[in-house]
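The stops below go from the whole chain to single residues.

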Amino acid sequence: NLDVERIKLDELKRGSRPEEIAVSRAKFSSAESSLLDAQNNLADKLRDSYTKSDDAVRNKIDQFFYDTRSAYPRLSSALSVDASLRQSLESDRLAVEKLLTSWKSSLDTLSVQGLPDIYLSEAKKNLSAASTFLDKAALAVNSASSNANLSQATLDGWRVDSASARANVNTAISNLSSAEEKLRTAESNLLIAKRELELKESGASPEEILAEEAKVKSARAVVDGKRAEFAKTFLVAPIVGIVSKQDGKVGEIVSANDAIVSIISTANFEIESNVPEADI
């Protein structure tokens, strides 16, 4: 563990290897490309949303409208529908015409790089308005019946085109939502790749190095503690000498303070003694 922490500390002090930085740069470049693809995809879906809405309203639904580009669009008199629904459809058709005209002008200024959210919110609002209008138009043709001024074949054709118009706009809504999700993911991935590259290039912070140094000290303290425990498994004589007695054997149990080993020192001793003169 101590060796591992030392290696980590050395790596932090050394910083990222050139190979690691190169990998991070490659990831960042790939994230940039993915973001550009997502931006192009969203721009395509924004234009496609307008195209589908324009086709749905001006080609398919306008078959049973008159004077759609004027200030007073009129629903075909051949359709026998409720007066309130007729009035609502004619009012909505005027609003949708203004919406499509404004939408087209806005998309003419669309730029892929740095797509502002205003284009996206505008498209969502316009698609919602177009979808509501198409739902009312579908209700009108589906509730109508053939008469002297409207053959069944024509009515059936209007119904088919009305259903197709609604399906196309719903597809545009789904495609736009998927494109937005792809863009958000690409933006997030680019931000992460950028931060990773910055971390690789800047190396470890002083705080990280200090933290790792603390781990090394902690691991070293554990090693010292284990060495101290291991040292307690030995009986070490306080002097250099020769073992002259060993009563204790491995596996025996002895009482405290029992002398089980005796040592004779190999050093030379000088003995000072008082001897009576008579004995001398």
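Begin with a surface view: the accessible surface of the chain comes to about 18300 Å², and 53% of it belongs to carbon and sulfur atoms. Accessible areas come from the Shrake-Rupley method with a 1.4 Å probe, and for residues only the protein chains shown count as cover. This is a predicted model, in which local features need pLDDT of at least 70 and side-chain atom pairs count only at pLDDT 80 or more, while totals for chains, interfaces and linings use all residues. Residues are numbered from 1 along each chain as its sequence is written, and side-chain values use heavy atoms, with hydrogens and water left out.

Next, show the C-alpha trace. Along its principal axes the trace spans about 165 × 45 × 25 Å. The radius of gyration of the chain is 45 Å, whereas a compact globule of 280 residues would have one near 19 Å (taken over C-alpha atoms; the globule rule is 2.2 Å times the number of residues to the power 0.38).

Switch to a cartoon. The chain has six helices and four strands, and from the N terminus on they run α-α-β-β-α-α-α-α-β-β. Helices (H or I, at least four residues) and strands (E, at least two) are DSSP runs, numbered from the N terminus.

Now select helix α2, residues 18-60, and find S53 in it. Is S53 buried or exposed? S53 counts as buried because its relative accessibility is 0% (buried means under 20% relative accessible area, exposed over 50%, partly exposed in between, with a 1.4 Å probe and protein chains only). The side chain of S53 reaches the backbone oxygen of S49 at 2.8 Å. Not counting residues up to four places away in sequence, S53 touches L100, W103, L127, A130 and V169; contact means heavy atoms within 4.5 Å.

Move to D54, also placed in helix α2. D54 has 18% relative accessibility, so it counts as buried. With residues up to four places away in sequence again left out, D54 touches N59 and L100.

Then select helix α5, residues 152-202, which holds S162. S162 counts as buried because its relative accessibility is 1%. Beyond its neighbours within four places in sequence, S162 is in contact with I61, L134, A137, A138 and V141. Finally, draw a distance from S162 to A259: their C-alpha atoms are separated by 110 Å, and the two residues are 97 apart along the chain.

Conventions. Polar contact = N/O pair within 3.5 Å; in protein donor to acceptor, adjacent residues only side chain to side chain.
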